[in-house]
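Subject: Structure handover

Hello,

Here is the structure you will be working with. Please open it beside this email and follow along.

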Amino acid sequence: SLIGWKAGSDYEIYMTTNGGINWTQQYLFRNGIVLSGIIDISMINKDTLWGVGGLIYTNPGYRPIIHKTTNGGLNWGYQLLDTGITVPFRYIQFINAKNGWSYSLNSGVHTKTGGNDTTIYTNIKQISNEIPDDYQLLQNYPNPFNPVTIIEFQIRKTSFVRLSVYDITGKHISDLVNKNLTRGEYSSEFNATNLPSGIYFYALIINGKTIDTKKMILLK
């Protein structure tokens, strides 16, 4: 009854945790070629939301994207759909976790699998494909930070990787990475706009085993 989101013609998205008394802007993942943002949203639950309104430029033209968050908007990624549609979707509606529609005025798409048949592009990027000697989690920078920091890590072979963030009580905040990655060096951006100042921890988990945990300080 207290948590909600709003989006509109300004292509931005805001969240409230106190029934609309205050609203905090959430930030979408950008990679330099994504245009505009979110103008319509569909909520599966308090953690999983979909949003439409954006485009991405790929040679030879533009393609619509669908934004998604699985942690209540702490991090947003997007799906790049393989369609011939070249205009942004304006509406999106899911009737349950699997079945949803996204459409503009005269064309659209439908999923029966919760959108899992396409890749979610997130704020993780590979910075080197050289073979590291071992798995390694590096200290975030800057630290202290406000509100964005970068976390880098290395994996020595293809593995299922989780990069998880926790507060000082041990409560799970979000997974910045939760997927199979090939060997190499990676960086991930953590945006703590909606979190209070304090001490947080992040852990590198490889194939279900925690490799290392480090501390970071959010100072607003």
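Below are the notes on what was found in it.

**Ground rules**

This is a predicted model: local features need pLDDT of at least 70, side-chain atom pairs count only at pLDDT 80 or more, and totals for chains, interfaces and linings use all residues. Residues are numbered from 1 along each chain as its sequence is written, and side-chain values use heavy atoms, with hydrogens and water left out.

Strands here are DSSP runs of E with at least two residues, numbered from the N terminus. Two strands pair if DSSP finds at least two bridges between them. Strands of a sheet pair through backbone hydrogen bonds, either parallel or antiparallel.

Start with the open sheet of three strands, in the order S1-S2-S3. Its pairing is antiparallel. Strand S1 (4–7) and strand S3 (24–26) are the edge strands, and each pairs on one side only. On average, neighbouring strands of this sheet are turned by 35 degrees against each other, direction ignored. That angle is taken between axes, which are lines fitted to C-alpha atoms; angles run from 0 to 180 degrees between N-to-C directions.

Strand S2 (residues 13–16) and S3 are joined by three bridges. Look for Ile 13: its bridge partner in S3 is Gln 26.

Lys 6 is worth a stop. Its charged end sits over the ring of Tyr 14, 5.7 Å from the centre. The charged end of Lys 6 also sits over the ring of Trp 23, 4.7 Å from the centre. The rule: NZ of Lys or CZ of Arg is within 6 Å of the ring centre and within 35 degrees of the ring normal.

Now go to the loop between S2 and S3, where Ile 21 lies. Is Ile 21 buried or exposed? Ile 21 is exposed, with a relative accessible area of 68%. Buried means under 20% relative accessible area, exposed means over 50%, and partly exposed is in between (1.4 Å probe, protein chains only). Ile 21 and Gly 77 are 56 residues apart in sequence, and their C-alpha atoms are 27 Å apart in space.

S6 and S7 form a hairpin with two residues between them. They pair in the antiparallel sense over nine bridges. Trp 50 has Lys 68 in S7 as its bridge partner. S7 is mostly covered: seven of its nine residues are buried.

S7 also pairs with strand S8 (residues 77–80), in the antiparallel sense, over four bridges. Ile 65 stands opposite Leu 80 in S8.

**Aromatic pairs**

How many aromatic pairs are there? The count comes to five. Rings of Phe, Tyr and Trp (its six-membered ring) pair if their centres lie within 6.5 Å; planes under 30 degrees apart count as stacked, over 60 as edge-to-face and the rest as tilted.

One of them is Trp 50 with Phe 94. This pair is stacked: 4.9 Å centre to centre, with 15 degrees between the planes. The pair links distant parts of the chain, 44 residues apart: Trp 50 is in strand S6 (residues 49–58) and Phe 94 is in strand S9 (residues 91–94). Trp 50 is buried, at 2% relative accessible area. Phe 94 is buried too, at 8%.

**Backbone exceptions**

Most residues other than glycine have a negative phi, and most peptide bonds are trans.

- A cis peptide bond joins Asn 143 and Pro 144, with omega about 5 degrees. Pro 144 is in the loop between strand S14 (136–137) and strand S15 (148–155).
- The peptide bond from Asn 146 to Pro 147 is cis, with omega near -10 degrees. Pro 147 lies in the loop between S14 and S15.
- Asn 207 has a positive phi, near 50 degrees. Asn 207 is in the loop between strand S19 (198–206) and strand S20 (209–218).

**The largest pocket**

A pocket is an open set of points on a 1 Å grid over the protein atoms alone, with protein on both sides within 12 Å along at least five of seven lines; lining residues have an atom within 4 Å of a point. Grid points are joined across faces, edges and corners, and a volume is the space filled by probe spheres set on the points.

The largest pocket holds about 1,000 Å³ of space. Its lining has 37 residues. Thr 69, Thr 70, Asn 71, Gly 72 and Ser 174 lie nearest its centre. Which strand gives the largest share of the lining? S17 does, with eight residues.

Best wishes

Key: On a 1 Å grid over the protein atoms alone, a cavity is a set of points where a 1.4 Å probe fits but cannot get out, and a pocket is an open set with protein on both sides within 12 Å along at least five of seven lines; lining residues have an atom within 4 Å of a point.
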